[in-house]
Amino acid sequence: MKALFKGRALPAAALAAVTAAALLLAGRTGPAGFPGPEELPGMGWEAAEAALLGLPRQEILNAWGEPDGMLSGLFGDIYALEGGGRVTVYYDTEPMNQGLADSYTVPVRYVLCPVKEIPPLEEIGLDPRLPLALEGHTRREVHTAWGVPHREVTTQWGELCDVYWPDELHGVTIYYDTESMDAGTADEYTVRSVSQSEA
């Protein structure tokens, strides 16, 4: 009887491993009941973050698998998206500092990911989500969402920048990738990086 069970244990373990691998390959979603990283960009500015806010890191790891990278300095995991771009999940380290959590039970503090719809300028303020939210968008899409920039700048290194002031206390500078346009590999300028400042 023991031999019979031993013979069945290996196929069951192999089946479990194959199932887990299939879940990871199929968009890194799992039974946890929240979206995978590939789904987040289509959810919008607030909903993408709200879906994960407060969840312990272990739940994210169980559903999405090991991250493609980790942050240095801040506590966060990076997941690469199939079509380019990335989702970065930041964790709240305060419970760890207080001895109330470890590296697996720390809660999600906020989430950065590219989004299909650019959030309204008046909602920006000084928001850490903005650089990844604008990643991959074209200059035309930014102008459609936010209007003509308050200031257009060409830096001493030839970089093209648009400057916006969401309010009297905050500034947003968007740097565009001009090299791909100059090389003829892109039809439009795309967002390369974003910096934010406080007056």
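Close-up 1. Let's start with tyrosine 90, which is buried, with a relative accessible area of 13%. Everything shown here and in the views below comes from a predicted model. Tyrosine 110 counts as buried too, at 16% relative accessibility. Both values fall under the 20% cut-off for a buried residue. How are the rings of tyrosine 90 and tyrosine 110 arranged? Their centres are 4.6 Å apart and their planes meet at 25°, so this pair is stacked.

Close-up 2. In the one shown here, the ring centres of phenylalanine 75 and tyrosine 91 lie 5.4 Å apart with the planes at 50°, so the pair is tilted. Phenylalanine 75 is found in the loop between β1 (69-70) and β2 (76-80), and tyrosine 91 in strand β3 (residues 86-91), so the contact ties together parts 16 residues apart in sequence. Both of these residues are buried. If you look elsewhere for aromatic rings, you will find Phe34, Trp64 and Tyr79 forming one cluster.

Close-up 3. Three residues to look for in α6 (residues 139-146) are Arg139, Val142 and Trp146, which are buried. Looking down the helix axis, the buried residues of α6 fall within an arc of 60°, so they line one face of the helix. What do the buried residues of α6 pack against? Their neighbours are α5 (130-134) and the strands β5 (151-154), β6 (160-167), β7 (170-177) and β8 (190-198). Just past the end of α6, glycine 147 adopts a positive phi of about 85°.

Close-up 4. Searching the whole structure turns up one cavity of 30 Å³ or more. The volume of this largest cavity is about 50 Å³. Its lining is made up of Trp45, Ala48, Glu49, Val111, Leu112, Cys113, Val115, Arg129 and Ala133. The elements giving two or more residues to that lining are α2 (45-50) and β4, with α2 supplying the largest share, three residues.

How values were computed. Residues are numbered from 1 along each chain as its sequence is written. This is a predicted model: local features need pLDDT of at least 70, side-chain atom pairs count only at pLDDT 80 or more; totals for chains, interfaces and linings use all residues. Side-chain values use heavy atoms; hydrogens and water are left out. Buried means under 20% relative accessible area, exposed over 50%, partly exposed in between (1.4 Å probe, protein chains only). Helices (H or I, at least four residues) and strands (E, at least two) are DSSP runs, numbered from the N terminus. The arc is that of the directions from the helix axis to the C-beta atoms. Contact means heavy atoms within 4.5 Å. Rings of Phe, Tyr and Trp (its six-membered ring) pair if their centres lie within 6.5 Å; planes under 30 degrees apart count as stacked, over 60 as edge-to-face and the rest as tilted. On a 1 Å grid over the protein atoms alone, a cavity is a set of points where a 1.4 Å probe fits but cannot get out, and a pocket is an open set with protein on both sides within 12 Å along at least five of seven lines; lining residues have an atom within 4 Å of a point. Grid points are joined across faces, edges and corners, and a volume is the space filled by probe spheres set on the points.
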